Amino acid sequence: MIAACSHIKKAFAGETILADATFHINEQECAAIVGINGAGKTTLLRIITGELDADEGDVVCAKDTVTGYLPQQQGYHSDNTIYEELLAVKSDVIELDRTLRELEQEIARTEGNELEKLLSRYNRLQTAFESGDGYAYKSKVLGVINGLGFGGDAMHQVINQLSGGQKTRVALGKLLLMEPDLLLLDEPTNHLDLASIRWLESYLMNYKGSILVVSHDRYFLDRIADKVIEIDHGKVSSFTGNYSSYAEKKAALRDAQIKQYYNQQQEIRHQEAVIEKLRSFNREKSIKRAESREKMLDKIERIEKPVEYEKTMSFSLTPSCISGNDVLQVEHFAKSFGDNHLFKDISFDVKRGEKIAILGENGTGKTTLLKMIQGMEPVDAGTAATGTNVEIGYYDQEHQVLHEEKTIFEEIQDDYPDLDHTTIRNVLAAFLFTGDDVFKNIRLLSGGERGRVSLAKLMLSQANFLLLDEPTNHLDITSKEILETALNNYTGTVLYVSHDRYFIDRTATKILDLTGHKLLSYDGNYSYYLEKKETVEQIYLGDRDAASSDGATHAQDKKTAARLDWKEQKAQAAAQRRLEQEYKKTEQQIETLEHEIAALDEEFSLPEYAANAHKLSEIAAAREEKETALAQAMSEWERLAEQLEENAN
C-alpha cells in the first residue's frame, strides 16, 4: 500500500461534499475516481496532495513517497522553450553527465594515488548516472515531447506564448518525466488529441509507480484503470476492475438495493396493518400480540432508501421534417491559413440517417471543416451542397453562437419568440436551469453550463442534420450517456467532431479520418476504425506515384471488401442477438410450463377433488396439453443451444 485515506470528511458552506471517504491505493495500482460534476473528485485530490485540509480524517502515505499532481488548470509562466522546460526535469542527470566528462579529462592527465581516487569517484558517479537512465534521458524527453504532440519545430515554442491547454500538456510532460511514486492526474486527457491520448494510455499502462486519476473519458479508464473509486452523494465506494466492470457492478448493486428497500417497505406495511388490525379487536390478548409485533418491528434494521440520482438532463432530438436521402455533398474542399495547408481536394458525401464522426489530430482542420460546411469559414476551393429539405443545426464547442450579454432565458426567447414563458422554463428545466438560474448572464456560465444552453437550442431547432463540434466537452459521464441515447434515437443525420472514443464507439456508423491532408473513410464505429486503420493508411497514404492501375484497383477492392466485411459483421451480430433472445425466451417458457404442471399436480392431489371425476378429468387434460407444449419447447431449446454452440466455435 502506498497511500490511504481514512474517514475523510469535507464540507463547503454547510454542504457535505465528502462524508466518510475511506480507501487505499496499492503499489503499481491505477485507480480512477469517478462521479458527476461537483461530486468532489478534485476536492479529494487536493486533500491528498495537502493543498486543502480535510475537516476530519487522515491521509497517510508510505515512507519517502514522492507525489506528483497535475491540476486541471495551469497558471505557470516560463521563458523557456518546451524542450528546455522538459529537459530541465533531468537536470540532475545532465549535471552528472557534465561531471563525468570533466573527470574523464582529469583522469587522462593524472597518475598515482590521485588517479585511484578519481577512478573511484568516477565509478560511483557512473553507477548513479546509469541508475538514473543517464544514457536514455534525451530519448525519454523527446519521446514525451512527441507523444504529447509537440514534435518537430513545435518543441521550440516559448512556454509564455502557449495556450492554457498547451501549458497543461507541458505540465503533464514534466510530471511524467519526474516519475513520482504516486501520480495524481485531474482530467489529463482534456487537451489531448486521439493520438496523444493513445500514447498516454500506453505510457501509464507501463508506469512503474501508482496512479490516481480523475477522468470522464470512459474509453481511457477502461484501458488503464484496475480500480474505480466512486463518489456518490458524499459516499465513497471502491470497485475492482476497469470502468465497464464498475458500471456493470454499480447497476447490479443499485438494482439489488432498490429491491431490498421496497421488499422491506412492503413487509413493514404488512406488519403495521396486522398491528392495527389486532388493536382494533380491543381485547387484551390481541393488544399484547400487537405490542409484541411492534417491538419486533422497532428492532428491524431499516434499509435506507437508495439516494436518487442527481437531476440529469432530459431531452430528445426530433427533426421537424425528413430530408432527402442525399444530405450533403462535399467536393474538392481545400483550406490553408498562410503556409499552414490543412487539406486539399477532399470529397465525401453524407446520406440520411448516418452518424459520422470526424477524427484527426489537433490542428488538422476538423473544426474548420465543420465551419466551412456551415458557411462560417470561407472555402479556398471546392463546394458543399445540401440536399432536399435539409435543415442544419450547429453545435459550436466554443459556444460562439451564444450571446455574452444575454441571460439564458433571453438566449432562448430571442431565437424562439413563439415560445411562451412556461414552455421556455420547462425546456430550460430539462437542461437543469431552474428558478433564478434562467436569469444568469451567458458570460458568467461555466463551460458545462454553456454546453447545456447550446444543447437546449439544438433541441428546439428541430433540425434534421446536426453538425456537432466536441459535444461531450465539459459533460460528466451521466450527461454523456444521455446525449448518446438522444443521438442514437435521433432519426435525422449527424456529422460530428469528437475526441471521446467511448462516445464515438457507441454512436458512429461511419468514421472520416482527417490525416496526411486527406480524408480516409471507414464504414463502421471506432472499434472497426482501429481494426482497419493500419491497412487503409498503407493503401491511401503510402507512396502511390509508382503504383499501377492494377494496384489502384486492388486498393479499391480492399476498400469495398472492408465495407462488406463491416456490414456482414453487423448482420451476424444482429442474428446472434436474435438467437440469444430466442434461447432466453424458450428457457423462460420451459420454466413457466414446469411451474404450471407442478401447480396442476398439486391441484390434482387436493382432497376436495378426490371424488370429482369431472374436475379431475379437466386437470388431466390441461396437464397433458402443458406436457405437449413442454416437449415442443424442450426440442426448440435443444436446437437453439446447438446453434449457439456452433456459432461460438
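Colleague: Which residues form a negative surface patch?
Modeller: This is a predicted model, where local features need pLDDT of at least 70, side-chain atom pairs count only at pLDDT 80 or more, and totals for chains, interfaces and linings use all residues. A patch is made of residues with over 30% relative accessible area and no salt bridge, like charges being joined within 9 Å and nonpolar side chains (Val, Leu, Ile, Met, Phe, Trp, Tyr) within 5 Å; areas come from the Shrake-Rupley method with a 1.4 Å probe, and only the protein chains shown count as cover. Asp and Glu count as negative, Lys and Arg as positive, with His and the chain ends not counted, and a charge is placed at NZ of Lys, CZ of Arg, CG of Asp or CD of Glu. The negative patch here is formed by E638, E642, E645 and E646.

Colleague: Is E638 buried, partly exposed or exposed?
Modeller: Residues are numbered from 1 along each chain as its sequence is written, and side-chain values use heavy atoms, leaving out hydrogens and water. Buried means under 20% relative accessible area and exposed over 50%, with partly exposed in between (1.4 Å probe, protein chains only). E638 has 43% relative accessibility, so it counts as partly exposed.

Colleague: How many salt bridges are there?
Modeller: Side chains of opposite charge can pair when their charged atoms come close. The rule asks for a side-chain nitrogen of Lys or Arg within 4 Å of a carboxyl oxygen of Asp or Glu. By this rule, the count of salt bridges is 35.

Colleague: How many residues apart are E484 and R218?
Modeller: E484 and R218 form a salt bridge, with their closest N and O atoms 2.4 Å apart. E484 is in helix α15 (residues 477–489) and R218 in helix α8 (residues 218–224), so the pair ties together parts separated in sequence by 266 residues. Helices here are DSSP runs (H or I, at least four residues), as are strands (E, at least two), numbered from the N terminus. Both E484 and R218 are buried, and the number you asked for is 266.

Colleague: Which strand does β1 join through seven bridges?
Modeller: Two strands pair if DSSP finds at least two bridges between them. Strand β1 (residues 3–12) has five bridges to the antiparallel strand β4 (residues 56–61), where K9 stands opposite E56. K10 has L18 as its bridge partner in β2. The antiparallel partner with seven bridges to β1 is β2.
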